[in-house]
Amino acid sequence: MQKVERQTSTHIRTNTMDLVLTAILSTIVLLSTVFINIKLPIGQGGLIHLGTAALFTVAILFGPKKGALAGAIGMGMFDIFGGWMIWAPTTIIARALQGYIVGKIAWSNGQRGENTLLNILAAVASIPVMLAVYYIGQAIMYNNWAAPLASIPGDLIQCGVGLLIAIPLSVALKKTPFFRKKF
């Protein structure tokens, strides 16, 4: 009987820690999107912000589930509360897929985000999916299949900046005691 109670208590603590960590990571993505962003003068919406760097970093450090949730929740909340409500459904789908793809590739074959070349490949592989979701979402929103093309350069810049920040940041953070214990 006591063994069952311990397993249940441990399971509850693990689930609580998982929930708290996901909330913290989502908040980091949200704050990275809120505090440094530049509205694009081209296209029908969009920003260049550091949220993509945070999303890439979270997915590399914590894997596909946390990457998907942090991207969808963090950037989705930014859209909802930041005056971009019409973009929220598209953002939630695009960023969940992007975070999942980065985490899944970075954590493939037991790598756990420790292979820098694989991490770069993961981020690069996620970009066409993110672009496609935003393209389709914007085309549907504005009933125009040509106009979304104007947003692609800004989206590429945002992802490029995110990649340039996330890779060295992930390498540095992986060297900390928190990640050396194989979290």
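What covers the buried residues of helix H6? In this predicted model, the cover includes strand S2 (47-49) together with helix H2 (51-62), helix H4 (88-106), helix H5 (116-142) and helix H7 (177-180). The residues of H6 that are buried are Gly154, Asp155, Gln158, Cys159, Gly162, Leu163, Ala166, Ile167, Ser170 and Lys174. As a general point, an α-helix has 3.6 residues a turn, so residues three or four places apart point the same way.

Two packed helices are described by the angle between their axes and the distance between the axes. For H5 and H6, the axes come within 10 Å and cross at roughly 155°; because angles over 145 degrees count as roughly antiparallel, the two helices H5 and H6 are assigned to that class. The crossing in which H5 passes H6 is right-handed. On the H5 side, the contact is made by Thr116, Asn119, Ile120, Ala123, Val124, Ile127, Met130, Leu131 and Tyr134, whereas H6 contributes Ile152, Asp155, Leu156, Cys159, Leu163, Ile167 and Val171. Asp155, Cys159, Leu163 and Ile167 of H6, which take part in this contact, are also listed among the buried residues of the helix.

Elsewhere in the chain, charged side chains were considered, and the count of salt bridges comes to two. In one of them, Lys65 pairs with Asp18, with the closest N and O atoms 3.5 Å apart; this pair links distant parts of the chain, as Lys65 lies in helix H3 (residues 64-81) and Asp18 in helix H1 (residues 2-35), at a separation of 47 residues. A salt bridge is also formed between the side chains of Asp18 and Lys66, at an N to O distance of 2.1 Å, and here too distant parts of the chain are linked, with Asp18 in H1 and Lys66 in H3 standing 48 residues apart. Through shared partners, the salt bridges join Asp18, Lys65 and Lys66 into one network.

Terms used
Residues numbered from 1 in each chain as written. Predicted model: local features only at pLDDT ≥ 70, side-chain atom pairs only at ≥ 80, totals over all residues. Heavy atoms only, no water. Salt bridge = Lys/Arg side-chain N within 4 Å of Asp/Glu carboxyl O. Helix = DSSP H or I, 4+ residues; strand = E, 2+ residues; numbered from the N terminus. Buried < 20%, exposed > 50% of the residue type's maximum accessible area, 1.4 Å probe, protein only. Contact = heavy atoms within 4.5 Å. Axes fitted to C-alpha atoms, helices over the stretch in contact; angles between N-to-C directions. Parallel < 35°, antiparallel > 145°, perpendicular 65-115°, else oblique. Left-handed = near helix turned anticlockwise from the far one by under 90°.
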